[in-house]
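Okay, thanks for coming, everyone.

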Amino acid sequence: MACCLCAKYLLLFFNLIIWLTGGVFLSCGILVLYKRDLHELFALLSYDSHLVPSFLNVGYVLIGVGALVFIVGLLGCCGSVRESRLLLGLYVFFIILVMGGELVVAMYTVLLGDEWDTRLPNTLKRRLLTYNYSIPQRFEFDLDTVHKQFTCCGIDGPSDFHANTDYKIFGNRLPSSCCNHLLNGICNDTDSYRLGCFQIINEYMQLYSRLIVFVGIGIALLELIALIMAVCVCRNKTDEDEFY
């Protein structure tokens, strides 16, 4: 009896944490959708890539995951308080569903790693060859925004523009977004940002990816312990569920 009571309160505690985690995911998803300065970065990275998700998709996935985790935590809290086999059974089902989704995300991340490290920078550098100085399109606008936001130029550096046709036509001039201060309205190689955007963005991504991995492992351990606690409570529940 004491073991069952201990499992019940442990389950309640773990599910309060999971419930709060769902709220964090929801908040991050909403922030992603409405934080305008990140839109151009995701738009730039998703050009000509079938694996890099669009900005809106990332936000929607975070909101969906947050809502599901929020519901799972609520089911676990209610089920542990009432010791309801029905609620705990639903809770176990959704926990397994969430853990399966996390496994799919982990596999997707492995595929994304190869795309990020090799194909993405080469694809973006090929895009720079068609960067239009005179009639900028969506790609030019997104790249200029990233240049200014991260104080960088090109993908690996300013030399990425040297093979661009407009770079030669305009007298070996870089896009104005590559310089913080323009000399007579012209951005030269000597005055441009020296670092490429991919290097700077990659450092940010590695930092956040490590943080996400640690948080993900922590959440997975919480879910596994909560799953075991829910099974223990169900096994020790002898009375029929009461809903009145």
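Let's start with Asn 172, which sits in the loop between H6 and H7. Keep in mind that this is a predicted model. Asn 172 isn't a glycine, yet its phi is positive, about 55 degrees. As a rule, most residues other than glycine have a negative phi. How accessible is Asn 172? Its relative accessibility is 43%, so it counts as partly exposed.

Thr 151 is another case to look at. Its phi is near 45 degrees, again a positive value in a residue other than glycine. You'll find Thr 151 in the loop between H5 and H6. Thr 151 is partly exposed, because its relative accessible area of 43% falls between the 20% and 50% cut-offs.

While we're in that loop, on to the charges. How many salt bridges are there? The count comes to 2. In one of them, the side chains of Lys 125 and Asp 156 meet at 2.7 Å, N to O. That pair ties together distant parts of the chain: Lys 125 belongs to helix H4, Asp 156 to the loop between H5 and H6, and they're 31 residues apart. Lys 125 is partly exposed, at 26% relative accessible area, and Asp 156 is partly exposed as well, at 45%.

There's also a salt bridge between the side chains of Arg 138 and Asp 142, at 3.4 Å, N to O. Why are those two about one helical turn apart? Because they're 4 residues apart in helix H5. And is Asp 142 buried or exposed? Asp 142 is buried, with a relative accessible area of 0%. Speaking of charges, have a look at Arg 127 too: it lies over the face of Phe 139, at 5.2 Å from the ring centre.

A search of the whole structure turns up 4 aromatic pairs. Take Phe 93 and Phe 94: the ring centres are 5.4 Å apart and the planes sit at 70 degrees, so that's an edge-to-face pair. Phe 94 is partly exposed, at 22% relative accessibility. Then there's Tyr 131 with Phe 161, where the centres are 5.5 Å apart and the planes are at 90 degrees, so we call that edge-to-face too. This one links distant parts of the chain, 30 residues apart: Tyr 131 is in the loop between helix H4 (85-128) and helix H5 (138-150), while Phe 161 is in the loop between H5 and helix H6 (165-169). Both Tyr 131 and Phe 161 are buried. Ring pairs also join Tyr 131, Tyr 133, Phe 161 and Phe 170 into a cluster.

Now for the annotation. An unreviewed UniProt entry places "transmembrane region" at residues 12-34, 54-76, 88-111 and 211-234. What does the model show over residues 12-34? That stretch is 100% helix and 0% strand, with its end C-alpha atoms 33 Å apart. Residues 211-234 are likewise 100% helix and 0% strand, and there the end C-alpha atoms lie 35 Å apart.

Last stop, the surface. Tyr 204, Tyr 208, Leu 211, Ile 212 and Val 215 make up a nonpolar patch, with about 520 Å² of accessible area together. Ile 212 is located in helix H7, which covers residues 197-236. With a relative accessible area of 58%, Ile 212 is exposed, because the cut-off for that is over 50%.

That's my tour, so over to you for questions.

Terms used:
Residues numbered from 1 in each chain as written. Predicted model: local features only at pLDDT ≥ 70, side-chain atom pairs only at ≥ 80, totals over all residues. Heavy atoms only, no water. Patch = residues over 30% accessible without salt bridge, like charges linked within 9 Å, V, L, I, M, F, W, Y side chains within 5 Å. Areas by Shrake-Rupley, 256 points an atom, 1.4 Å probe, with all protein chains shown as cover. Salt bridge = Lys/Arg side-chain N within 4 Å of Asp/Glu carboxyl O. Buried < 20%, exposed > 50% of the residue type's maximum accessible area, 1.4 Å probe, protein only. UniProt positions renumbered as here; feature names shortened; annotations may be inferred. Phe/Tyr/Trp six-rings, centres within 6.5 Å; stacked < 30°, edge-to-face > 60°. Lys NZ or Arg CZ within 6 Å of the ring centre and 35° of its normal.
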